[in-house]
Amino acid sequence: MKSIQKIEFHTGTREELLPGFADDFPYIASRAELDKYIGRFVPWHWHRAVELFYVESGALEYNTPKGKWVFPAGSGGMLNSNVLHMTKALSQKEETVQLLHIFDASFLAGERGSRIARKYIFPVTASGQREMAVLSPENPAQEEPLALLRESFRLQPDGFGYEMKLRNILSELWLMLFGQVKPAPGEKGEPGRDSDRLKRMMVYIHEHYPEKIAVSEVAAAAFLSERECFRVFRGCLNMTPVEYMKSYRLQMACRMLAGGRETVTDVSHACGLGSGSYFGKVFREYAGCTPTQYRERWQDCDR
C-alpha cells in the first residue's frame with residue numbers, strides 16, 4: 001500500500017492522477033496521510049474510479065455538491081464514480097490517516113455489457129443521485145461490512161491468489177453497500193448536469209488561473225450565461241466563481257511556496273494574484289499566516 005501526502009492531476013481534464021492504475025488491473029491501494037497534505041486538505045477533484053475507504057485515525061470531512069459527511073476513526077464509506085469532492089482533516093494536531101481502495105468499476109463488472117455490469121454495477125455508477133454510502137460503527141447492521149473492509153487492507157499483494165481474493169472481497173462489500181447506493185424506483189439515474197457543467201468551468205479556471213479571467217469566460221466554457229454560472233457555483237460549492245478562482249489561486253500559491261524557491265512576489269504574480277501587498281493580505285486571510293511563514297512551515301518537510 002502506497003503512502004500518499006499530496007494530490008496530482010492529469011493535464012487537460014484535471015481529473016486526479018492515479019499512479020499505478022493499469023489496464024489489466026485497474027486498482028490501487030493508498031494510505032492517505034491528511035495531516036501531511038499542504039493545508040491538511042485535498043482540494044476539489046474527481047475521478048472515474050470508485051473510492052472505498054476506511055478512516056484509521058483522526059476524523060475526516062467529505063464535501064460534495066450535494067452534501068457533507070464526517071467520518072471519525074473506525075468508520076468508512078464508498079464514494080461513487082465521477083463525484084466531485086474535497087476532503088479535509090478536522091484536527092490541526094491529530095494524525096489523520098485514510099486507507100483507500102480505488103478501482104475502476106470494470107474491476108468488478110468484468111466485460112463491458114455483462115450481466116453483472118448491467119444488474120449491479122451500472123445502476124450505481126450511472127446514478128448522479130447517489131454520491132456516498134456511509135459505514136458507521138454506531139450502526140450494528142454495518143459491523144460486518146466494516147470488519148470486512150478492515151480485513152481487506154490486510155491482504156498481501158505478493159500472496160498467492162491476491163488479485164482474486166481482493167476482487168472477491170470488493171465484490172462482497174459492493175453487494176453489502178448496494179442497497180444504500182442503488183437508485184430508488186423512479187429515480188433518474190443520469191449524472192447531475194450541474195456537476196458536469198461545474199467540472200468544465202473548473203477545468204477552464206485550472207488551465208488559466210495565472211491569467212486575468214472574466215466570469216463570462218468561465219461561463220462560456222460550459223456554454224452558460226453568467227447568471228447560470230453563478231447559480232451552478234453557488235448551488236454546488238456554496239461560493240461564487242470569483243471566490244473559487246481566488247481560492248484555487250491561493251492553493252497554487254501554497255504549492256509553489258512549499259515546493260519551490262521563487263520569491264513571494266514571483267509567486268503572487270505566477271498565481272494571478274497581482275501585487276505583493278494584496279497577495280500578503282488575502283494569503284493571511286486564507287492560511288492564517290504570512291507567505292514567508294507558510295514557506296518556513298511546509299518547505300522541505302517530509303511530504
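## A buried serine

A residue counts as buried when its relative accessible area is under 20%. In this predicted model, S30 has a relative accessible area of 4%, so S30 is buried. S30 sits in strand β2, which covers residues 27–33.

## The six-stranded sheet

Strand β2 belongs to an open sheet of 6 strands. The order is β1-β2-β9-β4-β7-β10, and the pairing is mixed. The edge strands are β1 (2–4) and β10 (132–135), each of which pairs on one side only. From one strand to the next, the twist averages 25°.

Strands of a sheet pair through backbone hydrogen bonds, either parallel or antiparallel. Strand β7 (residues 76–79) and β10 run antiparallel, joined by 4 bridges. Here G77 has V134 in β10 as its bridge partner. Helix α3 (residues 143–152) packs on the sheet and touches β4, β7, β9 and β10. The direction of α3 makes about 90° with that of β4.

## Helix α7

Helix α7 spans residues 226–237, 12 residues in total. From first C-alpha to last, α7 reaches 16 Å, close to the 16 Å expected at 1.5 Å a residue. Its buried residues are C229, V232, F233, C236 and L237. Seen down the axis of α7, they fall within an arc of 95°, so they line one face of the helix.

The cover over these buried residues includes β3, β5, α5, α6 and α8. The face turned away from the buried side carries the exposed residues R227 and G235. After α7 comes N238, with a positive phi near 60°.

Notes
Residues numbered from 1 in each chain as written. Predicted model: local features only at pLDDT ≥ 70, side-chain atom pairs only at ≥ 80, totals over all residues. Heavy atoms only, no water. Helix = DSSP H or I, 4+ residues; strand = E, 2+ residues; numbered from the N terminus. Buried < 20%, exposed > 50% of the residue type's maximum accessible area, 1.4 Å probe, protein only. Expected span 1.5 Å × (residues − 1). Arc of directions from axis to C-beta. Contact = heavy atoms within 4.5 Å. Pairing = 2+ DSSP bridges. Axes fitted to C-alpha atoms, helices over the stretch in contact; angles between N-to-C directions.
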